[in-house]
Amino acid sequence: MEKQAQKSVAVVGGGLVGAMNACYLSSRGFKVDLYEARADIRTMEVVRGRSINLALSCRGREALKKVGLEDQVVEDGIPMYARMIHDLNGTLRPIPYGKSDQYIMSVDRRKLNETLLTAAEKRPDVTLHFQHKLMSCDLEKGRWLIMHFTNRWDRNGGEDVEVRTDLIMGNDGAYSAIRKHMVKRPRFNYSQEYIPHGYMELTVPPHNGEFAMAVNYLHIWPRNEYMMIALPNQDKSFTLTLFMPFDMFDQLKTGDDVLQFFLEKFPDSVPLIGEESLKETYFRLPPLPLVSVKCSPYHVSDKAVIMGDAAHAMVPFYGQGMNCGFEDCLVFDEILEDLNNDLSKALPKFSVYRSPDAHAICDLAMYNYIEMRKSVNSRWFLMRKKVDSF
Ligand code: FAD
């Protein structure tokens, strides 16, 4: 059989999904160049951005397993066997996720991203380019796809860079530049929805060197119209995330307003966070928005495809955004295997096969917010023996 010429792939975005895709695509014999707008997070002191920790579940673990990283990631994670409901009166109620040995895992986003980048870098034919932000690309012309990146903010001067590639893999997140190019094409379906709620992260530090709450749980303070959750970290702290309508965030204007609100609505959390820390951290960063994106198709001919949040950003209440993005990589790999790496067939098949599933998960994520903040308070819910999600 004639040996096929090695094809090049430009992965745009070196977040969780881009770094994982670099591993998968290199295993399939592609020459991979990954372009990430930020500096290398492995060299940064502080990484700003979204959620400090994430819940890793089965679909994400399957994808990690196939690139040989499941054990390493699971070793660093903390199992959560149940939701722990914090009622207003201080009562604690565990609701198991499944049988006694079933759990989801709290993992550190930065550590996971670093593990994936390092694993990608070690593979043959993978080159990582940091501080390369995609500014424009042409998804249609000729044999080569031409992309323009800038790293003009680089301390050493920086420059604009032109890149030619066979395939663009758009893994550049919820505000994807690649998707913006796709939106301009005919018959591209696209919708996005910002929910009225935003989120803010706070911290429960270790108390006397130990976890301040029961460790193997995803803690929830469901208050019907809003809620707070907490996931454990390896350093024995918890990251709390407060989800609330923006107009409620806006009403809390002073440290005393914040303290009063927490004493009324989440009283048992106040000694855990610490009054001074609560007053200070609340104003450190503004609450961030939550967007849900649906689109189709996910590809342009045999030239470009989007995955992860670029294809299906979802609200975080089902704990499946990253997991679903990881599963995209696994599904695409299986399609490439079946179709002998033929991109002209694999890309359309991925769109047709994957978009209905991803749309369904986006809908489930919307629904699960109501379950987490409200339904878990109902008597009907308490009669159920187990839950099957975040
Ligand atoms: P991202 O992680 O956003 O990575 C995109 C990368 O592309 C970034 O590094 C960015 O710098 C880079 N980039 C962007 N534009 C460009 C450009 N023009 N050129 C080059 N690079 C570019 N999911 C779960 O599965 N479980 C959870 O428990 C969970 N909790 C969450 C909690 C919160 C509060 C939020 C907001 C999300 C949560 N998610 C969770 C969802 C999860 O964070 C995302 O689904 C996941 O990060 C998607 O990965 P990604 O690689 O597609 O995108």
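# A selection tour

Select phenylalanine 261. It is buried, at a relative accessible area of 10%. Buried here means under 20% relative accessible area, exposed means over 50%, and partly exposed lies in between, with a 1.4 Å probe and protein chains only.

Before moving on: this is a predicted model, in which local features need pLDDT of at least 70 and side-chain atom pairs count only at pLDDT 80 or more, while totals for chains, interfaces and linings use all residues. Residues are numbered from 1 along each chain as its sequence is written, and side-chain values use heavy atoms, leaving out hydrogens and water.

## Aromatic rings

Show the rings. The whole structure holds 17 aromatic pairs. Rings of Phe, Tyr and Trp (its six-membered ring) pair if their centres lie within 6.5 Å; planes under 30 degrees apart are stacked, over 60 edge-to-face, the rest tilted.

Pick tyrosine 81 and tyrosine 103. They make an edge-to-face pair, 5.3 Å centre to centre with 65 degrees between the planes. Tyrosine 81 sits in the loop between strands S4 (78-80) and S5, tyrosine 103 in the loop between S6 (92-96) and S7 (104-108), so the pair ties together parts 22 residues apart in sequence. Helices (H or I, at least four residues) and strands (E, at least two) are DSSP runs, numbered from the N terminus. Tyrosine 81 is partly exposed at 32%, and tyrosine 103 is partly exposed at 30%.

Tyrosine 226 lies in the loop between S14 and S15, phenylalanine 261 in helix H7 (residues 255-265), 35 residues apart. Tyrosine 226 is buried, at 7%.

Then select Tyr199, Phe243, Phe317 and Tyr369. These form one aromatic cluster.

## Strand S14 and its partners

Colour S14 (residues 217-222). Of its 6 residues, 5 are buried. Two strands pair if DSSP finds at least two bridges between them. S5 (residues 82-86) runs parallel to S14, joined by 4 bridges. S15 (residues 227-232) pairs with S14 in the antiparallel sense, also over 4 bridges.

Which residue of S14 is the bridge partner of isoleucine 85? Isoleucine 220. Isoleucine 220 also stands opposite isoleucine 229 in S15. Now follow the S14-S15 hairpin: 4 residues lie between the strands, and asparagine 224 in the turn has a positive phi of about 70 degrees.

## The open sheet

Select six strands in the order S8-S2-S1-S12-S19-S18. They form an open sheet with mixed pairing. S8 (126-129) and S18 (299-300) are the edges; each has a single partner strand, so one side of each lacks a neighbour in the sheet. S2 (residues 31-35) and S8 run parallel, joined by 4 bridges. Leucine 34 stands opposite leucine 128 in S8.

## Cores and cysteines

A nonpolar core is a set of buried Ala, Val, Leu, Ile, Met, Phe, Trp, Tyr and Cys residues joined through side-chain atoms within 4.5 Å. The largest has 71 residues; Leu25, Leu116, Met147, Ile168, Phe326 and Phe332 touch the most other members. Centre on phenylalanine 332. Contact means heavy atoms within 4.5 Å. Beyond four places in sequence, phenylalanine 332 touches Leu25, Met169, Met307, Ala346, Leu347 and Phe350. A second, separate core of 26 residues includes Ile104, Ile229, Leu231 and Val315.

Now the cysteines. The structure has 0 disulfides, a disulfide being a pair of cysteine sulfur atoms within 2.5 Å. For cysteine 329, the nearest cysteine sulfur is that of cysteine 23, 9.0 Å away. Cysteine 329 is buried, at 1%. Cysteine 362 is buried, at 0%.

## Salt bridges

There are 23 salt bridges, each a side-chain nitrogen of Lys or Arg within 4 Å of a carboxyl oxygen of Asp or Glu.

- Lysine 236 and glutamate 210: closest N and O atoms 3.6 Å apart. The pair ties together parts 26 residues apart in sequence.
- Glutamate 280 and arginine 284: 2.8 Å. Glutamate 280 is partly exposed at 45%; arginine 284 is exposed at 54%.
- Aspartate 363 and lysine 294: 2.7 Å. Aspartate 363 is in helix H12 (residues 343-373), lysine 294 in strand S17 (residues 288-296), 69 residues apart.

Last stop: select Arg28, Lys66, Asp333 and Glu337. Salt bridges that share partners join them into one network.
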